[in-house]
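Visitor: Please put the protein on screen. I have a few questions about its side chains.

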Amino acid sequence: MKSKEYIIEQKVYRHRRKRKVCRKRQQRFVHLDRLCYVCSPFVKGLIAKDYVQETMVEKIVFVPMYFSFKKDFENSLTFFKKILSTYMLGGGKNVKVDFSNCRETSIACFMLFDLIVEELLRTRFVYNKGLSEDERCNKNFSLVGTSKYDDKTNKYLLAFRYCKLDDVDNVDLEESFLALDLIRGKWRKYSENLKGLAAHRIVEFIKVSMDQAKGEIKPEVANAVERMISEVLTNAEEHSLKGTEWFVNGIGFHECQHDMNVVEMNLSIINFGCTMYEGFESTKEQNATNYKLVEDLYQKQSRLFSFSKHFSRESLFMLYMLNDGISRLKYQDDGRGNGTMEFVDNFIWLGDNGVQNNLFTPQLNIISGSTILTCDSHVRPTHNDGVSSLYLNKNKTFSELPDSNYLCSYGEYFPGTIIECKIYLNKDFITEKK
């Protein structure tokens, strides 16, 4: 039988352990507060949206099997929460990231991963200024595994400098890849505006990609694409939170796919702030006439809902907002409401080989809030008397609901908007484009 003194002694030890754990948790949150104070608006915004949670801290953060918003929206966003939470709240010197089970990677997800890593390391640099060696945060990121299944994922890791060629086994050295490198900007006075420079760099990236495909982009086409990208970046700027930036990145893969020499070009534009739906709701009083058009259309289509097929208000509003003449700022300028549709149409046109060859169908995803809207060669904007319309169904009418493969809603939430494009370039694909 245990003595009374032994029992008292064990209680004291338990109490001390509990206090030690509490102190550690307290220090961890003090550390978080200090880091948050010097974070960029981008990271602060993610923290404000509950992207940092103690339950998301991991010893190793595993990349989802499908690191793609389109294929696995919820697990991809959970991955970003784990990355942020482990860096901000976890112990150890490094955040370990494991790509070994990843079978597919998309440009938007990899770009967001790379952006979060860059922003956190920048935060660490600012945090450490003026601190002694003992007080500094020395946490870093380390790769503990490259993909066993997907050479393209490993090409992302190589192109974005997360590993070296010696670290991967399944990369075809006969094939090449080209990264655009991150472009970032925010609203400044006119003389310092970066949208034009960014748009020009993207068009040059497209030109180089087409050179690899032994093709050539015509000057008038290049100018049109450049104008469209500037318009989309303007839109991203207007929807961003004050002080935040828009971001652009891309990667091209020159490969032999299905016995054909092609360049697969991937491009993504990200802005953090209000979602498309939130932005439209925020101006509903000033924008009453335009808002009523969208509300009436929603009421009409919501009557078509069934138990097996229905859509969130956010997702349908996003669809309507892309149509010509609809804009949250229509009350300020009657010419607003055409830019995004033109951008969608131009990129689908540029890679429009899917009608002839389903193996090379271009795809454009718009991710905002909890919604993903998709266009491709088969479901895309239509034109009638100079007006562009998007229905997302094969019969091209608002008398039917959209196809669920092209408009999807989820439980997770991205606080902002992402445009993600994938097109295939080949000399034979582009010789007849006018």
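This is a predicted model: local features need pLDDT of at least 70, side-chain atom pairs count only at pLDDT 80 or more; totals for chains, interfaces and linings use all residues.

Guide: Residues are numbered from 1 along each chain as its sequence is written, and side-chain values use heavy atoms, leaving out hydrogens and water.

Visitor: Which side chain of opposite charge is nearest to D376?

Guide: D376 is found in strand β10 (residues 363-376); strands are DSSP E runs of at least two residues, numbered from the N terminus. D376 is buried (under 20% relative accessible area, 1.4 Å probe, protein chains only). It has no salt bridge (a side-chain nitrogen of Lys or Arg within 4 Å of a carboxyl oxygen of Asp or Glu). The nearest side chain of opposite charge, 7.6 Å away, is R380.

Visitor: Which backbone nitrogen lies 2.8 Å from a polar atom of the D376 side chain?

Guide: The side chain of D376 reaches the backbone nitrogen of V379 at 2.9 Å. The one at 2.8 Å belongs to H378.

Visitor: How are the rings of F67 and F99 arranged?

Guide: The structure holds 29 aromatic pairs (Phe, Tyr or six-membered Trp rings with centres within 6.5 Å). F67 and F99 have ring centres 6.3 Å apart and planes at 75°. Planes over 60 degrees apart count as edge-to-face, under 30 as stacked and the rest as tilted, so this pair is edge-to-face.

Visitor: How far apart in sequence are the parts that this pair ties together?

Guide: F67 lies in strand β2 (residues 66-67). F99 lies in the loop between β3 (94-98) and β4 (104-105), so the parts tied together are apart in sequence by 32 residues.

How values were computed:
Helices (H or I, at least four residues) and strands (E, at least two) are DSSP runs, numbered from the N terminus. Buried means under 20% relative accessible area, exposed over 50%, partly exposed in between (1.4 Å probe, protein chains only). Lys and Arg count as positive and Asp and Glu as negative; His and the chain ends are not counted. A polar contact is a pair of N or O atoms within 3.5 Å; within protein, one must be able to donate a hydrogen and the other to accept it, and residues adjacent in sequence count only if both atoms are side-chain atoms.
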